[in-house]
Amino acid sequence: TLYSFLYILRLNEGNNTGINIDERQKMERENFTIWSIFFLEGFSQYPRLEVVLFVFSLVMYLATLLGNSTLILITILDSRLKTPMYLFLGNLSFMDICYTSASIPTLLVNLLSSQKTIIFSGCAVQMYLSLAMGSTECVLLAVMAYDRYVAICNPLRYSIIMNRCVCARMATVSWVTVCLTALLETSLALQIPLCGNLIDHFTCEILAVLKLACTSSLLVNTIMLVVSILLLPIPMLLICISYIFILSTILRISSAEGRNKAFSTCGAHLTVVILYYGAALSMYLKPSSSKAQKIDKIISLLYGVLTPMLNPIIYSLRNKEVKDAMKKLLGKIPLHQTHEHL
């Protein structure tokens with residue numbers, strides 16, 4: 001969701017010329033063409049690297065599908081995991097599957113193909129799903145942070161505040177809101193005239209597509225900026241506030257065992273938050289240059305395949321209930337064995 005925000009901040013880079021802006025836009029409109037197909041430059045400058053990236057992306061993608069599908073399955077089948085945290089975790093896993101499936105299959109085909117193309121409708125769908133799923137993760141991580149805040153700071157009222165109806169509404173509102181805003185952003189981006197069809201990326205990332213724009217619209221840019229602020233800084237602020245209260249509550253716990261138990265309930269979520277926002281911020285909050293663009297592709301690839309693959313691993317390794325549920329699914333522990341959880 002930093003895409004449109006940074007696009008607006010960088011608009012002035014192309015306007016510092018001796019030509020009047022209106023004249024420049026008029027000239028660019030004359031070169032405007034409605035493109036039915038786009039070329040994805042991707043990693044075509046490094047043909048030897050493409051085979052390595054294909055194997056890496058394929059393995060990571062299959063691991064993502066397996067890990068997140070398993071996590072969704074155990075949250076459905078295991079009665080011990082019918083809690084708010086696992087409801088949101090199931091949503092997060094589903095989002096990771098959709099996010100990677102939006103771009104990785106196309107990437108895999110293009111890595112082995114000399115014609116790295118994508119049709120207009122495919123580019124639009126890819127742009128929409130990437131925006132929707134990326135923004136959904138921001139909102140879901142904020143909702144999960146609130147869930148951890150209630151579990152640690154108000155444990156006696158946890159079942160009342162975070163009842164099943166409330167959790168279902170929170171998840172539904174998150175998905176509907178983000179999908180609608182992603183649809184708005186995608187529609188606005190596709191209405192901007194493009195003066196080229198060579199996308200300097202391996203996917204139809206909105207920032208890479210908008211770099212081909214012939215003109216800029218103040219209305220479009222303003223709307224995209226407002227949406228970006230609502231879906232990135234605000235959820236990040238809510239996460240920070242939640243963890244400030246969580247940390248202050250944990251530090252007041254007298255016993256070391258109690259503190260360790262409290263840390264373990266939010267450790268996996270905090271790890272995922274740092275991984276997600278760390279990768280996103282390192283990818284977009286830096287000066288724009290040709291060399292940086294090459295690095296962006298590598299980071300974007302790692303972010304797109306590595307983060308969704310690591311999420312189920314992080315939650316499995318740091319959560320005894322998830323590990324026991326996976327063992328139960330594989331038939332390694334008795335069905336009657338249960339464990340206490342928040």
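Visitor: Which residues of helix 10 are buried?

Guide: In this predicted model, the buried residues of helix 10 are P235, I239, S242, Y243, I246, T249 and I250. They lie on the same side of helix 10, because they cover an arc of only 120° around the axis. Buried means under 20% relative accessible area, exposed over 50%, and partly exposed in between, with a 1.4 Å probe and protein chains only. The arc is taken from the directions that lead from the helix axis to the C-beta atoms.

Visitor: Why do residues three or four places apart point the same way?

Guide: An α-helix has 3.6 residues a turn, so residues at that spacing point the same way. As for the face of helix 10 turned away from its buried side, it carries the exposed residues L237, I244 and L251.

Visitor: How many residues of helix 5 are buried?

Guide: Helix 5 is mostly covered, with 25 of its 34 residues buried. T136 is found in helix 5, and T136 is buried, with a relative accessible area of 0%. T136 and D96 are 40 residues apart in sequence, and 9.8 Å apart in space from C-alpha to C-alpha.

Visitor: At what angle do helix 4 and helix 5 pack?

Guide: Axes are lines fitted to C-alpha atoms, for helices over the stretch in contact, and angles run from 0 to 180 degrees between N-to-C directions. Helix 4 (residues 84-111) and helix 5 (residues 120-153) pack at about 160°, with their axes 9 Å apart. That makes helix 4 roughly antiparallel to helix 5; angles under 35 degrees count as roughly parallel, over 145 as roughly antiparallel, 65 to 115 as roughly perpendicular and the rest as oblique.

Visitor: What should I know about the numbering and the values?

Guide: Residues are numbered from 1 along each chain as its sequence is written. Side-chain values use heavy atoms, leaving out hydrogens and water, while local features need pLDDT of at least 70, side-chain atom pairs count only at pLDDT 80 or more, and totals for chains, interfaces and linings use all residues.

Key. Helix = DSSP H or I, 4+ residues; strand = E, 2+ residues; numbered from the N terminus.
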